Amino acid sequence: MKSVTIFDAYSAYSAVPEHKNNIPMLISTIGRYLIESWGGQAPKGSRATPRERIATEEFLKTLSVTLLINSLEVLEKAFKTKGIEKVNSKSYKSAYKSFLNWVEEQGFYSCQNLKVDNISPKKNFDLFKRQSKGNGTKKKKNHHGIKPKNPYSLMAKYSIGASREELIYPNDYVNSDLAKELKMFEQFRSETCNCAPRTISLNLAKIYQILGWLHRYKGLSLEKLSLKSIIYFTKLNISKKDCIVNGEYDYFQYMQKKAMLRQDALDLANENMVLIQEYLDFVGGHPRTKLLIVTIYIALSKFIFRNEAGTDDYIDSNDIPIIKKLKQLSKTLSQKAEKTPPTIAHTDKSISWQEAIEVLEICRLRSDTIYGKYRQRRGKLAIVNDLQAFLSLAFMLLIPTDRSRTYYELEIGRTFVFGVLQGNRFIPSDKIKDNTESKWYIHLMPTDYKTGKSHGEYWGIMPNVEFSDGKRLYEYIYRWVSDGREHLQKCNHNFFFRKTIKYERLNGVDWGSRIKYIFIDTTGVPVTPKELRKMFVTYLNNEGASNSVLKGAAKAMHHSTRMQEQIYNSQTILEAIAPVYEFNERMHKQAFGEDSSYGD
């Protein structure tokens, strides 16, 4: 049996979810103020590099946990030696005391023969040792906490494996009338509603899911499936010509028929809402998920009743009974969503921004490593795949984090260009004599991103970031474009990123999976692109970014400052109020003297 080391105790402490917020301060305390006292080496810069973190953890594996017993006195001496004032050292001491108390409570000092196998380290910075994927049992829930359902969408296809792109249900088909309806709906959304192709594609995907549910769970035959089996249609308007009695217009008959039509529409809308609610219950999940589905029902209702709206009785489509009821449901779900916490808390699927940068550095080092474990030479394909993983994450972390679509639709020569931007005029690099001033830009037209209609044309610089070893981002971009992107296969498209096995263009699911599994691979935490946006805004707020910086971030991330604060800022209450406490502490120090800081 192996005796317990400081690293073992630290790893066990880190594995406890309640300690998550304490870990960064604890790492700094050990790495900056204690490691040298124990014979190790402190980081050279203001922030430890991944290599320095690895070296620190390897060194802690050689130290007995009993060395912690009197380490608080050692820490106090280190503060005095380095000239750290009491007011500044308080946070470090508090984090370290919490760790020491926990170690003592666990009885680590008296169980030197404890099996280290029972202590699960939080991370392993070995570049090529991935996080454990589990014990082989079937995954019961996805990263949103929802138990996955069997595929049920109409025309559902396999997304991976040998059967990729083949129908999961070989007998599925779209009947001819439904095919015409879907084509007309697509045209209606494009021409009448002025929706972007991406929006229409998402609409259709949701409609196929509802149709699949109607067929597989409600027993509707494939031949009878139609858009009107999702939204029930009834005639709403009556012509005065239909109310001619004995050659004369009968006003009372007109009013009677109109009232009957409206009552029929209300009854049918109520019946329709029962079916809609049944599907929402089937889907389950957070109210916000259901809210997105209701927007599809509303869009479909406007299409189904497109020829009924615009009359004296139904001047606006919102006056139509089924649409009015769906709008009310949408409002109810929206209010409920505001009061309902996420299915899985942001803290359970995110890490600190500093940790994300460390993951980026690990990915970069992997893409540069020619020899792996046991000094075996790595294949070029593995290196190329690591290069794409690094660039995928770099593009999300080294500039204000945009929505996924910007990256997986990044097109060389169109939305991703190399040259010089002079005012509103862009000069491509091949038309410039001195190319040293050329930069990579992300250039988006209003149709290229979700909020383009309100934010307009966008230009953003991809900075040529210099890394710790002197290498620069543009070197990696050049490696990818010139050699890695089409290594072994040709791409049939001009998008910067591509799929890993078949070099086809990516979609939103592909991009989300790539980013999520990069983080699962290195940290065990399923960080998605959306969480990265929250992490970045939270980081800016925690660092005390000025209003101008926050405003610039909102513009670069293509959302409003209101959304930035309400949706993306995920500060804890203690993080949010920290600035006022720091201000008060400085004020008290000025008012009452040096020894006025709060007690430990």
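# Questions about a predicted model

Visitor: How many of the 9 residues of helix H1 (residues 6–14) are buried?

Guide: In this predicted model, helix H1 (residues 6–14) is largely enclosed by the rest of the structure. Its buried residues include Ile6, Phe7 and Tyr10, together with Asp8 and Ser14. The number of buried residues in H1 is 9 of the 9.

Visitor: What covers the buried residues of H1?

Guide: The buried residues in question are Ile6, Phe7, Asp8, Ala9, Tyr10, Ser11, Ala12, Tyr13 and Ser14. What covers these residues of H1 includes helix H2 (23–34), helix H3 (50–60) and H5.

Visitor: How are helix H6 (residues 176–192) and helix H9 (residues 287–304) oriented to each other, roughly parallel or roughly perpendicular?

Guide: The axes of helix H6 and helix H9 come within 10 Å and cross at roughly 100 degrees. Angles of 65 to 115 degrees count as roughly perpendicular. H6 and H9 are therefore roughly perpendicular to each other.

Visitor: Which residues of H6 and H9 make the contact?

Guide: On the side of H6, the contact is made by Glu181, Met184, Phe185, Phe188 and Arg189. On the side of H9, the residues that make the contact are Ala299, Leu300, Lys302 and Phe303.

Visitor: Leaving aside its neighbours within four places in sequence, with which residues is glutamate 186 in contact?

Guide: Glutamate 186 lies in helix H6 and, with a relative accessible area of 33%, is partly exposed. The C-alpha atoms of glutamate 186 and phenylalanine 303 are separated by 9.7 Å, although the two residues stand 117 residues apart along the chain. Once the neighbours within four places in sequence are left aside, the contacts of glutamate 186 are Ile200 and Leu204.

Visitor: Which arginine lies over the face of phenylalanine 303, and at what distance from the ring centre?

Guide: Phenylalanine 303 is one of the residues through which H9 makes its contact with H6. The residue over the face of its ring is arginine 306, and the distance from the ring centre is 4.1 Å.

Visitor: Why is the pair of tryptophan 353 and tyrosine 539 stacked?

Guide: The count of aromatic pairs comes to 34. The rings of tryptophan 353 and tyrosine 539 have their centres 6.3 Å apart, and planes under 30 degrees apart count as stacked. The pair is stacked because the angle between its planes is 25 degrees.

Visitor: How many residues apart are tryptophan 353 and tyrosine 539, and in which helices do they lie?

Guide: Tryptophan 353 is buried, with a relative accessible area of 7%, whereas tyrosine 539 is partly exposed at 22%. The pair links distant parts of the chain, with tryptophan 353 in helix H11 (residues 353–368) and tyrosine 539 in helix H17 (residues 529–542), and the separation is 186 residues.

Visitor: What is the order of the strands in the open sheet of 4 strands?

Guide: The edge strands are strand E4 (425–428) and strand E6 (458–462), each of which pairs on one side only. Strand E3 (residues 416–422) is joined to E4 by 4 bridges, and 4 bridges also join E3 to strand E5 (residues 439–444). With antiparallel pairing, the order is E4-E3-E5-E6.

Visitor: Which residue in E4 stands opposite leucine 421?

Guide: Strands E3 and E4 run antiparallel, and valine 420 stands opposite isoleucine 427 in E4. In the hairpin of these strands, which has 2 residues between them, glycine 423 takes a positive phi near 65 degrees. The residue opposite leucine 421 is phenylalanine 426.

Visitor: Is leucine 488 buried or exposed?

Guide: Leucine 488 has its place in the loop between helix H15 (473–484) and helix H16 (508–523). Its phi is near 80 degrees, a positive value in a residue other than glycine, and most residues other than glycine have a negative phi. At 66% relative accessibility, leucine 488 counts as exposed.

Visitor: What is the value of phi of methionine 155?

Guide: Methionine 155 is found in the loop between helix H5 (86–105) and H6. At 27% relative accessibility, methionine 155 counts as partly exposed. Its phi, a positive value in a residue other than glycine, is near 65 degrees.

Notes
Residues are numbered from 1 along each chain as its sequence is written. This is a predicted model: local features need pLDDT of at least 70, side-chain atom pairs count only at pLDDT 80 or more; totals for chains, interfaces and linings use all residues. Side-chain values use heavy atoms; hydrogens and water are left out. Two strands pair if DSSP finds at least two bridges between them. Rings of Phe, Tyr and Trp (its six-membered ring) pair if their centres lie within 6.5 Å; planes under 30 degrees apart count as stacked, over 60 as edge-to-face and the rest as tilted. Buried means under 20% relative accessible area, exposed over 50%, partly exposed in between (1.4 Å probe, protein chains only). A charge sits over a ring if NZ of Lys or CZ of Arg is within 6 Å of the ring centre and within 35 degrees of the ring normal. Axes are lines fitted to C-alpha atoms, for helices over the stretch in contact, and angles run from 0 to 180 degrees between N-to-C directions. Angles under 35 degrees count as roughly parallel, over 145 as roughly antiparallel, 65 to 115 as roughly perpendicular and the rest as oblique. Contact means heavy atoms within 4.5 Å.
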